[in-house]
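Please consult the sequence and the structure while reading.

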Amino acid sequence: MNDRIVMPVWMLGLFVVVMNTTMFNVSVPSIINDLGITSDLGSWIVSSYSIGYALSTVIYSRLSDIAPIRKLVAVGLLILGLSSVLGIFAHNFALLLTARILQSAGAGTMAGLGLVLASRYIPVERRGRAISMIAAGSAMAFGLGPIVGGVISEYFGWNGLFVVTCLVLAILPVLLKLLPKENPQPGSFDYWGAAWTVINATTLLIAVTQQSAIWLLASIVTIALHVIHIRKAKGSGTFVNPEVFRQPGYIRLLVVGFCLLIINLGNLFLMPLVLANLFDKSEMIIGFLIAPGAILSAVLTPFVGRWLDRYGNVRFLFIGTAILTVVMALFMTAVGSSPFVIMCGYLLFSPAFSATLASLNNQTSSILPRHLIGSGMGMMQLIQFFGGSLSVAICGLLLHKMSGSSLVHAYSHVYELLFLCPVIAIAMLGWYYSSYRKKVQAQKLV
C-alpha cells in the first residue's frame, strides 16, 4: 500500500466526517426556528449523530478482524454519501433525524478503520506521521467546521450542509483502487453483543431524554440480557470484553472520559444557542467566533505529543481538566455579558480539551495489556461519545424545561451542570493518581 497517497486521501475523508458534526452545531438554532421544534428535539440532531458515530466506530473496528477493509470502507462511505443525499431534501424533523442517524451509521468507518489501516500496513518508522496526519485532519475539521457550517447555512440554508458530506462519494473510488486487497483470517463476530450494545445505549438515552420509566425499565432489561449473553459466552470473543473492566484504574479513566465528552459536546451545543439567542448573531458570525479556539487547537496538535512525553499523561490530565473547570466557571457566571466571553473562553477550552483527551487516551492505552487494547480503547470511545450524546440531550431538555425563565438564567443554570463534570473528573483523577503512584513506587522497590 502506498501510504504517502492513501493517508492524505484518508485524512480528507475523516476531515469531512468530523466536520459533519461541527457544521451542524452552529446551525442548530436555525434548524429549530425553521422546523418549529423545541430545543430538546433540536438536541437530537447532534446527539443522535454522536452516539451513532461512536457505535459504528467500534463496530467497524471489530469487523475488520473478519472482513476486508476495502469492503467495510465501501459499505460505510456509501451509507454516509447516500444518506447525505437524502438530507438535502429533508424539510421536516423526522426526515432530517433519519438522515442524521443513517449518516452516523456510515461515518464510523473513517475513524474506526484509520488506526487499523495504519497499524497493519504502515512501517513503524512512518506510522507516527500517519497517525499524526489523522489527528491533524480531525483537529482542522473542528476548526473549519463552524466557519463552513455558518457560511453555508447563512447563504444556502442548512440543507446545503449535506452537500459537503456527499464529497465522500468522490474519494470512495480512489480508496477502493489504492487500499490493499485482503484475505482476512476466518473468525467470528459477536453480532448479538453488538446488537445488545446498540440497544443498551439507545434505550438509556431515550429513557433520560423522555424521562420515561418505561424506557428506563426497557434499558435495564436489555442490559441484563446483555450481561447474560456475556456470561454464557464466558466473555470469550464477546463484543464487550468484561476483562477490560478488571484492569487497575480503567474504570476511573472511563469516568474521566465520560465527563470530558459531557463538557465538550454540551458546550458545543450551547455556544451557538447563546450567541444566536442572547446576542442575535448569524450562523456565519457564530462560526467565526467559535473557530479561533478550534484552529488554535489544530495548530497546537503537533506539539501535544512532545508535551505529553515531557510532562507525562497524568500531570497533563490534571492541568487540562483544571483549565476546563475555569472556563466552565467563566461561562456559568458571565455567559450573558458579551459574545467575546464565549470566544475567549473557547480559545482556552478547545486546546485544553484536545490535549486532555489525547493524554487520557494515551494513558488508557498504556495500562491495558496488548490483547485488550482494541476492546479497551473501543469501550473508552463508546463511553466518551455516549457521555457527549447524553449531555446534548440533557442540555436541550433542561432548556426546554426552563423556557419560562430568562435566557441568561437558563443558560447559566445549564452551565452549572457542566461545571460539575470537570470537578468530578479532577476528583476521579486524584483517586486514580494515588493508586498509580503506589503502583510505580512498588515497581521501583522490586
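In what follows, Ala, Val, Leu, Ile, Met, Phe, Trp, Tyr, Cys and Pro count as nonpolar, Asp, Glu, Lys and Arg count as charged, and the others, Gly among them, count as polar. The model under discussion is a predicted one.

The structure contains two cavities of 30 Å³ or more. The largest cavity holds about 80 Å³ of space. Its lining is formed by 11 residues, and Arg62, Phe239, Val240, Ser375 and Met379 are the closest to the centre. By class, the lining of the largest cavity comprises six nonpolar residues, four polar residues and one charged residue. Which helix gives the largest share of this lining? That helix is H14, with five residues. H2 and H14 (373–401) each supply at least two residues of the lining.

**Helix packing**

| Helix pair | Angle | Axis separation |
|---|---|---|
| H2 (residues 39–63) and H8 (residues 191–210) | about 165 degrees | 11 Å |
| H12 (residues 313–334) and H13 (residues 339–367) | about 150 degrees | 8 Å |
| H10 (residues 250–277) and H12 | roughly 35 degrees | within 12 Å |

H2 passes H8 in a right-handed crossing. On the H2 side, the contact involves Trp44, Ile51, Leu55, Ile59 and Leu63. These residues meet Tyr191, Ala194, Thr197, Val198, Ala201, Leu205, Ile206, Thr209 and Gln210 in H8. The contact of H2 with H8 has 11 nonpolar residues, three polar residues and no charged residues.

H12 and H13 pack at an angle of about 150 degrees, which makes H12 roughly antiparallel to H13. The crossing of H12 past H13 is left-handed. Their contact divides into 19 nonpolar and eight polar residues, with no charged residues.

H12 also packs with H10, and the axes of H10 and H12 cross at roughly 35 degrees. This crossing is left-handed. H10 contributes Leu260, Ile263, Asn267 and Met271 to the contact, while H12 contributes Leu324, Met328 and Phe331. How do the residues of the contact of H10 with H12 divide into nonpolar, polar and charged? Six are nonpolar, one is polar and none is charged.

How values were computed: Residues are numbered from 1 along each chain as its sequence is written. This is a predicted model: local features need pLDDT of at least 70, side-chain atom pairs count only at pLDDT 80 or more; totals for chains, interfaces and linings use all residues. Side-chain values use heavy atoms; hydrogens and water are left out. Axes are lines fitted to C-alpha atoms, for helices over the stretch in contact, and angles run from 0 to 180 degrees between N-to-C directions. Helices (H or I, at least four residues) and strands (E, at least two) are DSSP runs, numbered from the N terminus. A crossing is left-handed if the near helix is turned anticlockwise from the far one by less than a right angle, and right-handed if clockwise. Contact means heavy atoms within 4.5 Å. On a 1 Å grid over the protein atoms alone, a cavity is a set of points where a 1.4 Å probe fits but cannot get out, and a pocket is an open set with protein on both sides within 12 Å along at least five of seven lines; lining residues have an atom within 4 Å of a point. Grid points are joined across faces, edges and corners, and a volume is the space filled by probe spheres set on the points. Angles under 35 degrees count as roughly parallel, over 145 as roughly antiparallel, 65 to 115 as roughly perpendicular and the rest as oblique.
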